[in-house]
Amino acid sequence: MTLKQIFICCTCISAISHINAQPRMTVANDVANLGEIMFQLPKQVKFTIKNTGDEPLNIIEVIPSCGCTTVSWPRELIASGAEGTITAIYDAQMLGVFQKDLEVFTNASDKPVYLHFQGRVVTKLSDYSSNFPVDLGEIRMNTNNIEFDNVNKGDKPVAELQIVNLGRKSYQPQLMHLPPYLTAQYYPESLNGGRMGKILLTLDSEKLKQFGLTQTSIYLARKPGDRIGEENEIVVSSILLPDFSGLTLQDREKLPNMTLSADTIDLGSMGRRYKKSDNIIISNTGQAPLEIRSLQVFNKALSVSLSNRTIEPGKSAKLKLTVSSKYLKTMKNRPRILLITNDPRHAKEIITVKVKQ
């Protein structure tokens, strides 16, 4: 075979490989059964999607089957092997059985992919444990962990806490130990027996004192003069992102670039061990020093140490994480590590730690 023939053959192979390379959207479960949900209490459903192709996946648009559903989806490209989440919120404004669809358009196919969710809207639940898993006796909550994620200075995001009064007497919900940056509104202010309500928590980001993670504990009073404790504790987390609006064009041409050896660590089972550790390597492949401005954990079951908080171009640092079994049973949120950096493309990175008792 001549050199010309070899060149033509290689070119053809390369062209065929390029043609075959394409994104592919895979959904683990395209049907979600929401069961019973309460009338006029919106319900959220999430679909995890994965790009199992070898080119970036672009979710162009997601169209719900009716105006009763609002949707959100990743606006950035999903790399090969990476995952994303499509979130739908059903308004629950009509009683009875419902079946809804989401029409997902991507660059992986000319035809849309359909996601489905179904359930039944009722005025009274037959079982409150699944919708309100936090048991406070006659009062139940849907969660005891609230997170305000990706907050920018000046934002005032709102989170919703749902409650139900299973007692016979009227109940007036009241949150205790609210910090200055949180305010609460109660709907209704007095909750009759067997009725449900909600508390809207508003975060004033201007009153947060630092970038990165701010955590506090607030408490739901079950009765007038109630005491605080682990049972009625609600952990509130907020992540305030750094501001890069002041960067000049010259600054943006010479930036750090953070890469992690892993963004998820699976420590398996603790067994009889009191502590278990692992390491992550943080590298700077950019052109300017990388600064780890904030290194924080979401709960006290996890501790971390970093060999160097300023990483020069071409250099790396070791992040050591340690899980203590002592606090695993009382965790109200997942073990995670938060990094806030001076890299605008990776201003916030979260490392998830998986561990079993």
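This is a predicted model: local features need pLDDT of at least 70, side-chain atom pairs count only at pLDDT 80 or more; totals for chains, interfaces and linings use all residues.

User: How many residues line the largest pocket, and which of them lie nearest its centre?

Analyst: As for the general idea, rolling a probe the size of a water molecule over the atoms shows where empty space is left. In the present case the lining of the largest pocket is made up of 41 residues, and those that lie nearest its centre are Q44, K46, T85, T87 and D149. The elements giving two or more residues to this lining are β2 (31–38), β3 (43–51), β6 (83–90), β11 (145–151) and β12 (158–165).

User: What is the volume of that pocket, and which element gives the largest share of its lining?

Analyst: The space in the largest pocket comes to about 1,700 Å³, and the largest share of its lining is that of β11, with seven residues. Sorted by class, the lining of the largest pocket holds 21 nonpolar residues, along with twelve polar and eight charged ones.

User: Turning to strands, why is β25 said to be largely enclosed by the rest of the structure?

Analyst: The reasoning rests on relative accessible area, where a residue under 20% is taken as buried. In strand β25, which spans residues 336–341, six of the six residues are buried, and therefore the strand is largely enclosed by the rest of the structure. Reading the strand face by face, one side carries R336, L338 and I340 and the other carries I337, L339 and T341, with both faces covered.

User: Which strands pair with β25, and in what sense do they run?

Analyst: Strand β21 (residues 290–297) pairs with β25 in the antiparallel sense over five bridges, and within that pairing Q296 has L338 as its bridge partner. β26 also runs antiparallel to β25, and five bridges join the two; here I340 stands opposite K348.

User: What lies in the loop between β24 and β25, and is S325 buried or exposed?

Analyst: S325 is found in that loop, with β24 (316–324) on one side and β25 on the other. Since its relative accessible area is 19%, S325 counts as buried, given that the cut-off for buried is under 20%. Once neighbours within four places in sequence are left aside, S325 is in contact with M270, R273, Y274 and Q357.

User: Finally, how many disulfides does the count come to, and which cysteines form a disulfide?

Analyst: A disulfide is read from the distance between cysteine sulfur atoms, and the count here comes to one. C66 and C68 form this disulfide, with their sulfur atoms 1.9 Å apart. As for accessibility, C66 has a relative value of 22% and so counts as partly exposed, whereas C68, at 16%, counts as buried.

Definitions and conventions
Residues are numbered from 1 along each chain as its sequence is written. Side-chain values use heavy atoms; hydrogens and water are left out. On a 1 Å grid over the protein atoms alone, a cavity is a set of points where a 1.4 Å probe fits but cannot get out, and a pocket is an open set with protein on both sides within 12 Å along at least five of seven lines; lining residues have an atom within 4 Å of a point. Grid points are joined across faces, edges and corners, and a volume is the space filled by probe spheres set on the points. Helices (H or I, at least four residues) and strands (E, at least two) are DSSP runs, numbered from the N terminus. Ala, Val, Leu, Ile, Met, Phe, Trp, Tyr, Cys and Pro count as nonpolar, Asp, Glu, Lys and Arg as charged, and the others, Gly among them, as polar. Buried means under 20% relative accessible area, exposed over 50%, partly exposed in between (1.4 Å probe, protein chains only). Two strands pair if DSSP finds at least two bridges between them. A disulfide is a pair of cysteine sulfur atoms within 2.5 Å. Contact means heavy atoms within 4.5 Å.
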